[in-house]
Amino acid sequence: MLLKAVQRKVGATMTSLIVGASLAFTGAAPASAQRIALISDAETENMLREYTDPILRAAGLESSAVKLHLVNDQSLNAFVAAGQQMFFNTGLITTVDTPSELIGVIAHETGHMAGGHLVKRREEMEGLSVPMLASMILGVGAIAAGAGDAGMAVIMGSQHLATRSLLAFTREQEASADQAGATYLQRSGMSGRGMLDLFATMRDQELLTENRQDPYARSHPMSGARLSALEARVKESPYYDRRDSPERLHQFKMVQAKLHGFLDDPNATFNRYPESDNSTYARYARGVAYHRTGRLDKAMSEIEPLLEMEPSNPYIREVQGQIYFESGKVEEAISSYRQALALLPDEQFHLGLGRALLARGDKASSEEAVKHLQAASSSGNQPYAFYQLSIAYGQLDNIGMAQLATAQYYDALGAVKEAKMHATRAQKLLTNGSPEWLRAQDILVQPNPQRG
């Protein structure tokens, strides 16, 4: 897991077009929508992709075009944003009880995406803004004419009516996403029981004070009528009684344990998974938590038995590599990452091995690191791989490529100004017209982000 959380700035387009995020129905996106902490973990992301792809296909969407993001936030929330992007808070994954509950959220959010709710909500807000602005102008005019009370009443009345209209529109979209999600689950041969169970819990959440509610409950108001309609739709599916398989439950619990180990306070992890618990999940979580407290011996006493129980699990081997690397055991880390890659050729495993090879500091290792870091950065989904690639090229005295990798790193983060600065430096050192020079040119010709 890459826990150097990338503070990736989300552009204005996404800020104004989030569906499913708290306060979205008011037109004010949460602060986290502008700058959110994204983390990377191959095990979690591959599980989410496994859950999501069948639903996307059932919705008629191209699964490869939909980007999944993992947000380091302990609150229970998920949302979709412009550009076919779906975001999952770590708190959602660790809070739900079953894979089918998480899959239910995915189906609902896919309903928003496939239904074009992002665009429709923007159009609704734009449609409301004109009469609301006209009413506010009339109100201000009344105040200027000396009718202060009447003017304020006009202004407040226009805001109230606009809010009520938008809330009604939001409730309609939420109900639509429910029904669409249930349809996609049935098409995929999956039960909607998990979605129904979770949303029933959300209905109970509405009885709590707002500061105690989960963001997902606040942003997805669950009326009794909406819940009843969903229940009727879900129960008519021939797959309603289909349960999560033991293999899927095991995968899910391992991911939950890993996230608890990496993200919770270690003492909280030890309380959640006491030494008396010898399950694979408990050992996984404790192994990570011991590592975070600097106890390598205790960490390995938990991880090594897991490798004996699940020798073909590449993610446990990757965690072992990360623990070794962060404990200064470079050679052991390289060995673990190589074994993980032999089991699963994943971008993040390439990134881990590339980082470990760079720590050796010799030319041959740096040259090998370049190959792995190129593989890690090939999709553009791993910005940190570009950063490490710049270090590798620097160690090889290839400054032109180091500058290009730095430019690509900033470009992946959306920092256009910094990306262009390094792309300009790269072009001065690269062969004119070469593929590398052209990649730098692609960065230079992109438009600057609009301010405001």
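**Terms used in the views.** A residue is called buried when its relative accessible area is under 20%, exposed when that area is over 50%, and partly exposed in between. By this scale Lys 235, at 44% relative accessibility, counts as partly exposed. The structure shown in every view is a predicted model.

**View 1. Overview of the protein chain.** The predicted chain contains 21 helices and 5 strands, and buried residues account for 51% of its 452 residues. When contacts between residues at least 6 apart in sequence are considered, 62% of them join residues that are at least 24 apart. The accessible surface of the chain comes to about 20500 Å², and carbon and sulfur atoms contribute 52% of that surface. The structure holds 16 salt bridges, and the views that follow show some of these pairs.

**View 2. The salt bridge between Arg 226 and Asp 178.** The side chains of these two residues meet at a distance of 2.4 Å, taken from N to O. Because Arg 226 belongs to helix H9 (residues 224-235) and Asp 178 to helix H6 (residues 148-187), the pair ties together parts that are 48 residues apart in sequence. Both partners are enclosed by the protein chain in the sense of the scale above, since Arg 226 counts as buried at 6% relative accessibility and Asp 178 is buried with a relative accessible area of 0%.

**View 3. The salt bridge between Lys 235 and Glu 231 in helix H9.** In this pair the closest N and O atoms lie 2.8 Å apart. The two residues are 4 residues apart in helix H9, so about one helical turn separates Lys 235 from Glu 231. Glu 231 has a relative accessible area of 31% and is therefore partly exposed, while Lys 235 is likewise partly exposed, at 44%.

View 4. The closest N and O atoms of Arg 283 and Glu 302 are 3.1 Å apart. Arg 283 counts as buried, with 17% relative accessibility, which falls under the 20% cut-off, and Glu 302 is buried at 3%. Both residues also take part in a network of salt bridges that links them with Glu 275, Arg 286 and Lys 298.

Technical notes
Residues are numbered from 1 along each chain as its sequence is written. This is a predicted model: local features need pLDDT of at least 70, side-chain atom pairs count only at pLDDT 80 or more; totals for chains, interfaces and linings use all residues. Side-chain values use heavy atoms; hydrogens and water are left out. A salt bridge is a side-chain nitrogen of Lys or Arg within 4 Å of a carboxyl oxygen of Asp or Glu. Buried means under 20% relative accessible area, exposed over 50%, partly exposed in between (1.4 Å probe, protein chains only). Contact means heavy atoms within 4.5 Å. Accessible areas come from the Shrake-Rupley method with a 1.4 Å probe; for residues, only the protein chains shown count as cover.
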